[in-house]
Structures are given as structure tokens and as C-alpha cells.
4 protein chains.
Amino acid sequence: MVIVMKKNATGDQIEQIIKWVESVGYRAHPSRGVERTIIGVVGDDRAKSQLKSAEYLPGVEKVMPILKPYKLASRETKDGNTIIRIGNLEIGGPKFIIMAGPCSIESEEQLMESAYIVKKGGAHILRGGAFKPRTSPYSFQGLEVEGLKLLEKVREKTGLPVITEVMNTTDVDLVGEHTDILQVGARNIQNFALLKKVGQASKPVLLKRGMATTIEEFLMSAEYILSSGNDQVILCERGIRTFETATRNTLDISAIPVLKELTHLPIIVDPSHASGNWKYVLPLSRAAVAVGADGLLIEVHPEPEKALSDGIQSLKPEKFYQLMKEVMSLERTMRTEIEALQ
Amino acid sequence: MVIVMKKNATGDQIEQIIKWVESVGYRAHPSRGVERTIIGVVGDDRAKSQLKSAEYLPGVEKVMPILKPYKLASRETKDGNTIIRIGNLEIGGPKFIIMAGPCSIESEEQLMESAYIVKKGGAHILRGGAFKPRTSPYSFQGLEVEGLKLLEKVREKTGLPVITEVMNTTDVDLVGEHTDILQVGARNIQNFALLKKVGQASKPVLLKRGMATTIEEFLMSAEYILSSGNDQVILCERGIRTFETATRNTLDISAIPVLKELTHLPIIVDPSHASGNWKYVLPLSRAAVAVGADGLLIEVHPEPEKALSDGIQSLKPEKFYQLMKEVMSLERTMRTEIEALQ
Amino acid sequence: MVIVMKKNATGDQIEQIIKWVESVGYRAHPSRGVERTIIGVVGDDRAKSQLKSAEYLPGVEKVMPILKPYKLASRETKDGNTIIRIGNLEIGGPKFIIMAGPCSIESEEQLMESAYIVKKGGAHILRGGAFKPRTSPYSFQGLEVEGLKLLEKVREKTGLPVITEVMNTTDVDLVGEHTDILQVGARNIQNFALLKKVGQASKPVLLKRGMATTIEEFLMSAEYILSSGNDQVILCERGIRTFETATRNTLDISAIPVLKELTHLPIIVDPSHASGNWKYVLPLSRAAVAVGADGLLIEVHPEPEKALSDGIQSLKPEKFYQLMKEVMSLERTMRTEIEALQ
Amino acid sequence: MVIVMKKNATGDQIEQIIKWVESVGYRAHPSRGVERTIIGVVGDDRAKSQLKSAEYLPGVEKVMPILKPYKLASRETKDGNTIIRIGNLEIGGPKFIIMAGPCSIESEEQLMESAYIVKKGGAHILRGGAFKPRTSPYSFQGLEVEGLKLLEKVREKTGLPVITEVMNTTDVDLVGEHTDILQVGARNIQNFALLKKVGQASKPVLLKRGMATTIEEFLMSAEYILSSGNDQVILCERGIRTFETATRNTLDISAIPVLKELTHLPIIVDPSHASGNWKYVLPLSRAAVAVGADGLLIEVHPEPEKALSDGIQSLKPEKFYQLMKEVMSLERTMRTEIEALQ
């Protein structure tokens, strides 16, 4: 923490701040500049939101934090990358992982058909929503428990691991029994009760960035899960809300290299929700591979024009097969030629 | 819903769309323009998210919704304003209502002292957080149940109604027993499980707009509560997230007249969270009165420089008393002179 | 400037940074914390964008500026407020000033009629665009020189001072001859060639904040004008671009108290462009008075439904007269009761 | 244009609107729905901003435009892609084009050295700023005319075509004499006087998207240049302003496929300004290739730590050489394997 004094702060005021800093358990290192005195506060300023109150004291212009507020999510506290294992799959390892499936589970037939497409295309994990967070209370809210059972049935038949969203603390245990990965949706990124609860689960958690979540806050939400005891967190960039309306959200592609620098956790990209339009899903998926993401989360539906939710951003089977081929081609280039240049 | 065809759409494609519209239960009214054919879709397009999938069909450029997606929250379905009664108080009535108190409940002494300040200043409702949504898992998380008990104790002693936040579906009943108004925080604006649960409660709900919530989505979240059976909803504008960092959030003051036009629900303003700095709370409170809000939610603390959370945006007692006088003065002008001009 | 070293920075790296700081003409004050060493850089860090390059040196985590980048616009370099005099009018003085008129000058008749309305309502300055910045090259671009002549004619007849926009460096002298205040539009907020040019003019400049301009950048653009020799700058908040589409822009009402704290320049509000809808202009004008702005810029048109630009945000005469009465009523309360409480 | 009537609009009001539509020269096609009557307006609604005023008429809820406001920039008015030829180079053709060089021209030596690096790396065009748009009037403003001369000198010596920014209408002719491509900066995206002026020039124009420019507005600014007679426009995505501060701007990577769908103009990406940090320039450049952009604009500097502007986002020579290799490798995969799948 650095305390910046006002231009006209008196020597007396500076003395008072130094005493105050010491009274709350820190050491103060003033340095007198040409126009300003600044006071370095020595001690761990994480979790010390009280220090911010120094802005209330006479002569103080502002208080600037120095340390990043997250610990367990930071590269500073862990060497190497976190790799999450689901059976033989590794998320965050050298292989690019693709999770795909319909937005909502609508029927056994639709889910089974989707799983077949996912498998045929060569993707690794089946996604499908049983509990659906819908903006409108009048929209289809998901098959709920019935959907979970279908998910388990299809998993058994196809051997594909599955991922599904959990929205309520009271459902965490139940959902955990039927899925391989628990998904926390963008709208629950700061539902701290839910974060603590999935932090106690024994399943990996895929955490989606919220529409207005900064990268720092994203990592703080991951920190809630990690500090509750679950170290299996997968981050998912799915677009942020900006002034641009040509796409449903704005895919923050830069977040991938920024996160790769700051954290050891794996990061995947959801181009379906980011763009909100199947037409842009292929190019954005290619960008995700090239930028260095660990995987993709893709919406695919046997008949998107009949989907009960998000049809317009779901791929038809043929387009999905093309996506898989494009991604594999680029992945090969990344793993061979690009890696050798790093 | 209006379906806009592409410039080069063929007569055949137009025929196909008309048939499709009819096949899903609507009537189609095509009108052929100079450059485009548009097809009006007749029928209630609310809750028919499936119609959006028409964008997938050949020859279609885009699908534009016509109706607002909320019903119960709309002025179209209710004459006059919703007035929420808490004892003798009316929120949404002619009188401007002020809720004030500390961000967090820290101790009996601190809460009691705060209540005394609130009452002395002439405010109407005591606020205070027992469960605190904090960005960091390492920050003070509130006194929880202990805080609820203190709230009830202070309510009994002072006669002030109280409002406090509920963050978890499993706490709704408990919190409801100890408070007069249930607060749903900005981070839970699309925690649909929580919205449904408070929609079943018998207490009024103060619903805070999220950082990235559009006005339409804000009303859809209110619609969740209303359609679950609770018609006692108070909206609260508390600032949205923008690129500007001079204030913690950007108070969207225009949201007040926009909401007054669209909905019958009362709307109050939280200038403390909007600005994040006590220095701006007074002028923004004056703006809230003048723009036509129904009340304010204000953070006040006996000693903000020692607060465990949000100290920097909390008012000292003296400033709070000044705020109360300014607000009352402007309210008088609004109620006498301005109202006569409308 | 404060240089924050990485957690694992070596003593050697710290030594190197200290030497580098001294080699570019500053003094370095290291303070060694528990987790980080920070190095205070002593010397004027304004206009020293080179110091930022320290982030390129080994062991450095980030470089944080301490000083505000503007000088002449800052309260630190001038006591009291800048008051701009136009004849007997004072902008930035105790009286609230209202500039009103049509978006575009369309004809002599329309401008004359508008001026009559403005005067009858009791406003102080006539606005009207001769050069119009239009998003589309196919929209009406203004009467240009013809419009300037009409402006001068109407000024002579009515005695009202006039304000009009200048968009091109080559027009500054010409426009200056026909107007009392030069307006720089939101889209030219960082047209530095234009800022320098109006900085050499002898007329006051009304500078509108851009759609994505931070408050700091806004003051830096004012600094361009001030440092070019023109100290007659009026700031105008006209809404910023956010994700919300219910209004054309989002009026950043908090910018008024923030700017009042940072700068001595007068600040007015343009609720017409901020909201883009006449329905919201009255409440937002009231908010502008209450928050402490120095004046308003309002669009009024004899027949808005026939306006060649921005009709939907222009007030009809009757609504404008009502606005003037409401504003005067609130101004009275502000000047008598509220001021006494400060 | 579609006019949506209010729920309670009377038959009389609907009649009035139909008459009004006809009185301003259009035909009206009403369709009566269950909850609303909508009126299709037949006729070219482009450049008819007056129709928007219908919102002022009794019974009207809103007016919705149907047509895109740009013509010349649209794929609807031109088959195939615009290819811009500079000597043997083609921008917008099958080959990926890289423009690189220092942010500012600082000296003959620095520019010459930069050109050598650019050429050695295999890039195609040299960039360098002579006139610099700086937020602060106290920052280095460029070598101006002296810089233009150096640019020409280096062009002659190296054979590299050059691109440089023009900021003032009065400089367009002069800058045009010394450069192969005129650059219009992000801050001048809606400097309409400048757009018209470069629209009369005989050199290609690289138009950078502004920080708060929607894709539609971006194309409208291109339309200003095209409709002034210059059909040689290159679009450049360089990041938009959002709430996220981890990067200088947020690269809107989705804008590339969206623009490819809407316009025939070539589109390049500037990852240096988008991210504001050299560390992210390589991964973002790879993403630009994979997403389907036509080229890159990259900042490279012989000694970034000594640069007079933007040092921190400039690549050192070694990193630039690596970038060139990575880009070429991905381009090969795109041109061979990916293209075959389309």
C-alpha cells in the first residue's frame, strides 16, 4: 500500500499518518518528493481493506494498493500449471480439450443424438444444461432433476464425461452425483454462497467469467473456491458486456494471455455465448486455439432451429464437424511449429 | 416480432418463412418494401424465444422483437403506483424515504450508535449487513446470525424498521424472521434461485440493479419475484460499471425517469455504492431527490475510518445530518413548487 | 511515480533500477516491504512518459504514476473558480446559466422563432448548429456559412449571445467572428489540432466530453486549450457510452462533483444529448441543478417533429417553459437553503 | 422502418400515423397484432432521419429502423473484396500483410534502424508517426514535417512503402506527398472534416476504429471517405474501451468476422494499441491470423525502453522476428489446410 499525501499536506499531517499506520500494525516509509510526499506501508496489505480508510484522514490524497489480492490462484504461490484429470483426459495439459453439446437438455433423444455428434466430431466432454438460468421467468427453465438423470444415462451409454450447471447451493450435492464437472455460470460469478459450496465439493468446477467481471475479480472468485478446499478450478472466458451490440457479448481474447501470465489455472473459451451467433463460432474458435487457450466450450444441437434455448448460437452437426477439423489443424501447428519458437 | 428478409431473398424463401411462422402457431403479415420484405408475426411474442430461431432459416436477415418481455412489472398491467407499507411508512408514496446505516454490522455498540444517528437525523429505516458479499474470501464476511440478532435487538429498542441482505436461498426464511425488508444485492441480480425464493417470502424485497444489468433485465429480475407471488418489490439504482474509474461505479441517474415510465414499482437510489466516496454522496443525494426517486439508501458510520468495510464511502454523523437537511429542503421544493408545474 | 518490483526481484535488479532512475535524472527512494520492494521516484513525473518504460527492465512488476497529469486545469494551480464573462452574463458564477436552441439552424424563420422561445422562457444564450457532425454522410450537414450569418442576424435582433460548433481548424477564425462561444463537440474531444487552434482564439470555448473520455482525459483536453493560451474553457458533461441502450448515452451525473473537486473551470450539463429523448430532459435538468452544475445546454425546437436533426430529443416550447420554471425554482432552493448548509 | 404503436393506441391514432407516413412520401403497411399494431413504412429509410420523429406523434411507442445505414461500404453493393494495391503488394488479397515500425519517428538513425528490422523480419510496410496524437500537450508531439522527410528518405533507401498518420485537414496534401498510405487515428474516427478531406485524396486510407465506435458507426465513417470519392479504405481494429483495465483496450476480435460479413473492405488488426503491452502482442497476432484478418499493424522499436512514446507496447527486434515466424507458420496452415475446409 502506498499513501499519497496532498500537495499542501503539512509536516504535522504527515506525522499523524505515520503514527496511524503504525497504530494499525504496519511500518511507514515516507519519501518526500518535489510535489508530494508518499508513504510506503510495509506489511501484507492483502485482506487489509481497513487501510483504505486512510483516505479519510487529513492531508491524504489517495491510497494505492500494491499487492494483488489473490494468493492461491496466483503463479506466485504455485510452480507449473494446474492440470485437471477426468479419467484419461487432462484439462490444462498439452492437449486442447473440447466440451460440446446442447444449451439445454430437452429430451433423451435430443441429448443422445447430441452426444453422438460430439463423439463423432472427436470432442472430449459432453455439455448440457439441466438447470437453466434464463433472463425471463416465462422461458423454459430446464428439465431439472429429470435432465440430470438423462445426462447420467447418456454418459453411461457413450462413455463421454459430462459437465452441467449448478445454480443453487442446495443442488450442489445432487448435481455433483450426476456430473463430472460442476459449472458455475456467468450470472453466479459473485454468488459467494455458491462459490463456497462448490469449493467444498469433490468435483472440478468450471467457473465462467461474469459479464462485468474484471480479470482480478475473476481470480478472486476462483480464490473463493480454492480457499474453500477445492483446487480443481477451470476458468472460462465467455465474453464481456460492452457498448457493442453486433455480437451478444464481446469476447475478451486478450484475457487468455493475461490469465496465463497471472494464474496456473487452465483457461478455456466459450465462443458460442461470446458471439451469440453460430456464424462467428468457427473463426473465434480458431482464434482461441491460436491465442493459447486450453480448450473450448461449444454449443451444438441436432436441429438448432428447433432448440428451446440459444438456438441461434448453436452449430448444426456439419458445421461442428468442420470446426473440429479446423481446430485440430491449428492445434497441430501450435504444438509443432509455434511451440518450437517459444 | 418482425422478421426482416435479406435484400436478395427469393419469393420462395418468403413463402417458406410464412409457412414456418404458421407452423409454430402464429399468423404472418408480409409487407414488401422497396429494398426488403418484412414479415410481421402476429401472436404474443413474449416467452417465445423459439421464434428467434427464424434467423437460422434461408433468406432471413434478422428477427426483431416488438413487445417488452415483462408483464407484471409493466405499467401496462397495473394502474397507479405500487406502494409498499411498513408500519406507518409508505415506500413509493408521496413521501421521500431514507434508509441509512452502516455497511456491516460490527458490534452491538456500533449498530446501536448508528441507529441513534439515523433516528436523530430523521431517516426512516435502519440498514446494516449481517451477511456480506465481499470480493475477497479473506475480507470480513459479516457477523451472520449474530448480526441478525443484533439487528432485531436494535429494532426493538429504537422502533426503526430494518433492512438487511440475504445471499443464499437457505437463509431466506431465517433472515425474513429478523428483518422488515429483504435486500437482494447487485451481485445476485440474476441469481434466479434466490429471486424465486424471495418471491415466496412474505416480506418486501429491495432489489439492487447489477453492475452490468440493463433496465430491461432489471425489470425481468423483478418479474421473477413478482411472478413467484411477491408483489412487494422496491428497485434500487446503485450505479453501473463503465470505463470511468473516478467513481467506484457510474450512477445511472437517467434510470429513474426511465423506470418511472416503464414500471409501477418504487425506485430508490444508493449514492454510497454508486460513487464509492463519501465526498460525492451529498450532491448525488440531492440529484436523486430532484430527478424524482422515491428514496435513498445511505451508508453512515459512527467512525468510518474504523469501519470493517466500505469506510471510505460512509458518511460521518455530521455529514449525514447535513444530508438529511438538504434532502428535506429539496423535497419540500419538489412537493410544493415542482409538483404544481407538472 | 512508484516502481513496484516483482516478488522475486533480486538485490541486484533493485540496484540496477535505482541506477536507471538516477541516470534519467530522478532520485530513487526504495522501501523494502515484506513481500515487495517499491521504489519512489522523486522528481516531476508529469510529461515524463519515458519513466513508464521502466516496466521493460528486469525485476519490475509495474510502474504507478502519482501525480495528476494536468496542471493549468487543476485547482492546485489556481485559487477560486474561473468565471467566464459574456457581456453581463457570468458562466461559473453564482447564477445558473441556460443555453438553449435548436440542434441545427434550418432557416431564418426557424432560428428566429427558436430565439423568441428561448428568450421568452428566460434562458440566457442561444445555441444552434451551422456545421453539423452527423454519423451519416447522407444526413443534413448544416447550412454552414449561411447558418453563421443567420446566427449573427438573430443575435443582433434579439440581443441574445450565441454559441455554435466548430469542426475544422480552417473554420475557427470564421466561426469566431460570428459567435460568442466556440463549441467543440464530443467527437472532437481528442482532435488535438482543433484543440490547439481554439486555444489560440480569443473567444470562450465550450468543450464537450467525448463518449469514451475519462474525466482525467477530459481535463487533459481542456489543458490543450489552456496551454495554448486560452483560459476561457467551459466543460460540458453530455453523457458517456455504456452498455445501457434505454437512453442514447448515460448521463454521468457524478462527473459534476468530481470535476468541481478537481478543477476551477465551470461545468454545465447537456441532458438532451445525454438522454436522447425529450421525455427525460426535465428530470435530468432538475438533477443537474441539484447536483451543483453551473448551467444547462438544452435543445428546443418550435416543431420538433419536423426538425432536420435530433427532433426526438428536442423540447416543444411548452415543455421548455415548464423546464425553465422548474429549474428556477430549484435554483432558488439551492441558492438560499442548501448553500446555507454547506 | 417499422412504427410500433402503443398497446392502447386508438384506431384514430393509427389512421393519423398512416396519413403522416404518406404525407412525408412513404407508403404504410399496418398489421394488427394481438397486443400491438405495427406499421411497416415502405420506401428507402436510409438518410431519412426525419422518420424517427414519428416517436413524437400520439399513440406511437417506438420507431425501429430496418435497413443498414451504409451503402458503399456494404457487401450488398459490391461483389467480391476490395483489394488495395501498393506497388506489388495487395492488401485484402490472399496474402497476409504486416505493417510494422516505431510509434514515433524520433531520429533518422532510429527510423533507419527500425526499417532494417522490419525488412529483415519479412514485414511489408513501414509505419512511423510524424504527427502524434498525445493525450497530454506536454508529451512529445512528433517531429512533424521533419519526420515526413525522414520517412521519405528511408523509403527511398529501403524500398519499403510507408504509412503515417494525418491529424489535420490542412496537412492532408502534404502528408499525402510523403507517404503511401494515409492513417486516420482512432481519436479522429468521427472527425468528419478530416474524413471528407482524405476522401478527396488519391492515396489509400487506413481508418482506425475509435475507442467507443460501434461496428455500424465504423462503417459509416468509412462511408464518408468512400462517398467523397476515395474507394481505397483499409479498416483497422485496435481495441475498444471497456471496464477491463488489465489491458490498455479490449481487442474486439469478433469484429473481424462481423466486418468480413458486412463489408468488402480489408480489415487489419493492431494488437500493440489493443493490449498496450508487448507481452500480449504475440498471442494476439496469432489470434488475428487465425480469425481471418487481412494483416497486422505492429509497433517495433530498436530500443523500446528508450522510446519517446508507447515504449511498453513496442516489441524488441528479437521478439518481432519471432512474431514474424509464428505469423508465417499460422498463415501457411490457414492458406492450405483451413481454406480447404471452408
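Reply: Across the interface of chain A and chain C of this predicted model, 4 salt bridges are found. One of the salt bridges joins C:Arg36 to A:Glu76, whose closest N and O atoms lie 2.7 Å apart. Residue pairs in polar contact between chain A and chain C, with both partners at pLDDT 80 or more, also number 4. On the side of chain A that touches chain C, strand S1 (2–5), strand S2 (27–32), strand S3 (37–42) and strand S4 (60–64) each contribute at least two residues. Sorted by class, that side of chain A comprises 11 charged, 10 nonpolar and 6 polar residues.

As for extent, 27 residues from chain A and 27 residues from chain C make up the contact, and the area buried between these chains is about 2300 Å², with carbon and sulfur atoms giving 61% of that area. Within chain A, the residues that lose the most area to chain C are A:Glu35, A:Ile66 and A:Glu76, which together account for 22% of what that side buries; A:Glu76 is also the salt-bridge partner of C:Arg36.

Turning to how the copies are arranged, chain B can be superposed on chain A with an RMSD of 0.0 Å by a turn of 180° and a shift of 0.0 Å along the axis, and the two copies are therefore related as by a two-fold rotation axis. In chain B, the C-alpha nearest that axis belongs to B:Ala212, at 2.8 Å from it. Of the interface residues of chain B, 98% are also interface residues in chain A, so the copies meet through the same surface.

Definitions and conventions:
Residues numbered from 1 in each chain as written. Chains lettered and ligands numbered in written order. Predicted model: local features only at pLDDT ≥ 70, side-chain atom pairs only at ≥ 80, totals over all residues. Heavy atoms only, no water. Contact = heavy atoms within 4.5 Å. Buried area = accessible area lost by both parts, 1.4 Å probe. Salt bridge = Lys/Arg side-chain N within 4 Å of Asp/Glu carboxyl O. Polar contact = N/O pair within 3.5 Å; in protein donor to acceptor, adjacent residues only side chain to side chain. Helix = DSSP H or I, 4+ residues; strand = E, 2+ residues; numbered from the N terminus. Nonpolar A, V, L, I, M, F, W, Y, C, P; charged D, E, K, R; others polar. Least-squares fit on C-alpha atoms with pLDDT ≥ 70 in both.
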